Amino acid sequence: SPAAGAPLRLCSAGLAPRGVNKAVVGRILRVDHAGEFGANRIYAGQMAVLGRSSVGPVIQQMWNQEKDHLKKFNELMVAYRVRPTILLPFWNVAGFVLGAGSALLGKKGAMACTVAVEESISDHYNSQIRTLVEEDPEKYKELLQIIKQFRDDEREHHDTGIEHDAEA
Amino acid sequence: VRWQLSPPQRPLQASAVLRRVSDEQKKEPLASSSQHQFDSQPADHQHDQEPQDPHSSYTGQDGQESEDYESEEQLQQRILTAALEFVPEHGWTAEAIAEGAKTLGLSVAAAGMFQSDGSQLILHFVSQCNTKLSELLEQEQKRVQLGEAEKKPTDQFLRDAVEARLRMVIPYIEKWPQAVSILLLPHNIPSSLSLLTSMIDDIWHYAGDQSTDINWYTRRAVLTGIYNTTELVMMQDSSPDFEDTWRFLENRVADAMKMGDTANQVQSTGEALVQGLMGAAVTVSNAETSRAER
């Protein structure tokens, strides 16, 4: 495994390990990276409005996890030499607006937004897991592990949202 | 003849060598001159991005091709590589390909396998150069990792990489304008663009670019611009060893570096401006409120 602080480099000539289907992995990572980036901006928007409210700490915690997810995908993008989506500036604004907009509707609005977003993210991760398992579970072991972990995190966010939505 | 000039072969190649020898016995003796112009093997096809194993041209890219059968694609690669020697004289044409085929002991009719406008020959050449560049950059990176060489600052790295790549065109510089115009034909644009973008991506990758935001695009766009303009300058340059071209390149790269700083400065100024305006708005609104209360 890479030394602490050293960037994750899977292979010389900047290519992923031989045999990895570059097109499939590229699509998956690009979409996931964009998704995590968007999720980050949504939580940022929610925090901007509800940061000082009672649900502030809850949102902050979920946001921190999303930051970790994004960091991981940044590393994977570089390691697999995947092009990021050109729509990032758009997701930057759209995500923030969605988060802030839903938060302006109140805590319930923010939580409802979280529930909806996390629901669709976990479905999305699930279908990616299916794709990779169909391709070759051994070859994509590392990637599968990461996506499964993230899918579980997102489900947790979803459940947290339900919890707080129900309470509020 | 060719094998002697290459570094020692790996055991996998033994059967390929035997097949080659039996081929040689069947055909006329090969001319050696066409082969040692290039150290690297026929370059990779555009579709497959794996680094070309320099010794694997006769056993296929992953060694799985049966060793007594040379695919049509491999044969085409060999002919095109052989044809390059004749480009300075005949241009990127079917004549050059025919001459190349002759040196391999094949009939000139073999040139009929290729498109008549020379596109395939040019694309083959570009692909081969890109592969060579990747190998060079890879080796340099290894040397830096082993501590045998200093890590270059970004601007110098980019300059050196672009220069190294452009120098590969020098032996064909007379006929290069013809090649560029053929590469710009609509039916060639997908291939030539793809080769260009992957080469630029390679350079940035080895330069250490790890951006995953919009910078990924701006950096590549800027470097592509630098590469293309420098190539154009080179085609009109008659200074000794193209020193005018390299100076042009140096200036363009320096401009690009400065642009990065300027963008940051513009952003900071913009942010400061916004804060100033917000402060002014709050002050005015407070003043209004307090006046209204009086």
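Contact is defined here as heavy atoms within 4.5 Å, and helices (H or I, at least four residues) are DSSP runs numbered from the N terminus. The model is predicted, so that local features need pLDDT of at least 70 and side-chain atom pairs count only at pLDDT 80 or more, whereas totals for chains, interfaces and linings use all residues. Residues are numbered from 1 along each chain as its sequence is written, chains are lettered from A in the order in which they are written, and side-chain values use heavy atoms, with hydrogens and water left out.

Buried residues (under 20% relative accessible area, 1.4 Å probe, protein chains only) of H9(B) include Ser192(B), Leu195(B), Met199(B) and Trp204(B). Their cover includes helices H6 (119-145), H7 (154-167), H8 (176-183) and H10 (215-235) of chain B. Gly208(B), with a positive phi near 100°, follows H9(B).

The second largest pocket is lined by 21 residues, with Asn215(B), Thr218(B), Arg219(B), Ala256(B) and Gly260(B) nearest its centre. A pocket is an open set of points on a 1 Å grid over the protein atoms alone, where a 1.4 Å probe fits, with protein on both sides within 12 Å along at least five of seven lines; lining residues have an atom within 4 Å of a point. H11(B) contributes the largest share of this lining, seven residues.

Definitions and conventions:
Buried means under 20% relative accessible area, exposed over 50%, partly exposed in between (1.4 Å probe, protein chains only). Helices (H or I, at least four residues) and strands (E, at least two) are DSSP runs, numbered from the N terminus.
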